[in-house]
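I'll jot down what I looked up as I go.

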Amino acid sequence: MELHVHAPCLNAVRETTSAPPVKWRTYMRFRAIMSIPLISGLMLSACGGERSPGDGGYENVTASNGGTERYDGKTVSPIHRVVSEPVSTFAVDVDTGSYTNVRRMLMGGQPVPEEAVRTEEMINYFRYDYPLATDRTAPFSVTTDVTTTPWDRRTRLLRIGLRGYDVARSERPAANLVFMVDVSGSMDAPDKLPLVKQALSILADGLRAEDSISIITYSGSVATLVDGSHDAAAVKAALSGLEAGGGTAGGPALSMAYDLARAHRIPGGINRIVMATDGDFNLGLSDQAGLEAMVRQNREDGITLTTLGFGQGNYNDAMMEAVADLGNGNHAYIDNLMEARKVLDEELSSTLFTIAKDVKVQVEFNPAVVSEYRLIGYENRALREEDFVDDKVDAGEIGAGHQVTAIYEIVPAGQLGWLPARKYAANTATASAAAANPVEAATVRLRYKLPEETESRLLEAPVAAGRLGAATAPEGDAAFAIAVAAFGQKLRRDSRLADFGYADIARLAGHPANYWRQEFVAMTNLAARSDGETERGRAGLSASDPNGAGYALRP
């Protein structure tokens, strides 16, 4: 049974989760014709708990596979004992860049470095069957469900889902966008500047007459190509003439982009910079703190920052994600033209229009019902318990139509857990814990601010204890979300998955009709080959799929 805390909605909205069924071979043929591979991080409108980029060393962290791509990898989330750490707090994340970056690596036959995988971004790439919110004062619905765990019979999985209300494109506020395009020599590759030009042209096609577009280019110097135009054709013409060459002056370009955004500010509208780059640029500031100060100041002034990442080999994912977080933007990696259309056309409203800001999730577990837990993913979004009630702490933004999914693995009280027993009685569950309310297993709390407000609002959703005992194996939508979570953790070499392999993940995901989900199932086959698994037949992933799904990749 599911618990829904509804924020009733403004309009019925078309569900974009289910694209028309497309056979995998047909889809791959389309990609071969229409797409250019590329690695990108599109950072649009959701940021996590703020962290200093310097804390992760995003300028110097290289991939463990020996490449020069840079990632700010975090260790897998630890296990917590409820009696001593009953509360888990994190900022929401609607970024998707890690998923598309991993997809590019697998489809290119490259190893996937563990630090490049952010499991929450893998999960949140997909849409799920959460109910629509219907009231802008409570801008999202909250759903919880509990299932058994496919890789551990002792534990349960608690899934938390948020879904924001949607808006029609005609209802979106006017947008003032500044395209900040890297045309330095490092962008001279088919999967970089040519794809940037196509991607931004798609975005320009989706804008309206009342929207304003400016274009700044930067290499060895900074130039303004378009200054507050309302003509999409003129914008596309300017983009078509771009060529790559020269050094990189990212810092001065960002400063000028903020000046242009301020000059064309639309009161009550969307004021955003869209940075398109491979992330390999000289900041042009005296120090890293200067970049952070610039982004924070303009964020507080209502100008947000989206980054679109492109390319491979020297891609700086760590910097791209960190800057997006600081700028209240969300991160998406664009690796082909279909992805560009998905993000910048089909999902344009969620890209641009923020419906709730500083969104935080806090889960308090009842030690009488749950003994241990771990949060799958969100390692770089973790917040302190006290940050939840502190409205000065920056957290994640949710755009119109956005969804957020989080999954906890929990050990019911009385079950053998992951952690060893403690010797001293004072360090074990106390009598007061045992006497706690056994009716509830946990309480899910959310804090958020409406875009124009400075004080947060609170939602609470209790999770009944009986749902742990009544939990059944995951099916349908829940099963797919859990399969994606397992896939991310498998790529991260998470020891808690034991011998749960890619074949098991594929079987759990099933045979979806949606072609984005079909692509995921095929990716498990690629990961299995890369990892040396020999279970393809058991997974049902061979080219002659007995169930006729038709989306397996050929050997």
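I began with cavities, and my count came to two of 30 Å³ or more. A cavity here is a set of points, on a 1 Å grid over the protein atoms alone, where a 1.4 Å probe fits but cannot get out, and lining residues have an atom within 4 Å of a point. Volume is the space filled by probe spheres set on the points.

A reminder to myself: this is a predicted model, with local features needing pLDDT of at least 70 and side-chain atom pairs pLDDT 80 or more, while totals for linings use all residues. Residues are numbered from 1 along each chain, and side-chain values use heavy atoms, without hydrogens or water.

I looked at the largest cavity next and found about 60 Å³ of space. Its lining includes Asp72, Lys74, Glu114, Arg118 and Arg492. By class I noted eight charged, two polar and one nonpolar residues there.

Then I turned to the second largest cavity, with about 30 Å³. Phe90, Ile160, Leu162, Val361, Val404, Thr405 and Ala406 line this one. I get six nonpolar residues, one polar and no charged. Strand β15 (403–412) and strand β5 (152–164) each supply at least two lining residues, and β15 gives the most, three. Strands are DSSP E runs of at least two residues, helices H or I runs of at least four.

Last, I checked helix α10 (337–346): seven of its 10 residues are buried (under 20% relative accessible area, 1.4 Å probe, protein chains only). Among them are Glu339 and Lys342. At the N-terminal end, I saw Asn336 as the cap, with a side-chain oxygen 3.0 Å from the backbone nitrogen of Met338.

Definitions and conventions. Buried means under 20% relative accessible area, exposed over 50%, partly exposed in between (1.4 Å probe, protein chains only). A polar contact is a pair of N or O atoms within 3.5 Å; within protein, one must be able to donate a hydrogen and the other to accept it, and residues adjacent in sequence count only if both atoms are side-chain atoms. On a 1 Å grid over the protein atoms alone, a cavity is a set of points where a 1.4 Å probe fits but cannot get out, and a pocket is an open set with protein on both sides within 12 Å along at least five of seven lines; lining residues have an atom within 4 Å of a point. Ala, Val, Leu, Ile, Met, Phe, Trp, Tyr, Cys and Pro count as nonpolar, Asp, Glu, Lys and Arg as charged, and the others, Gly among them, as polar.
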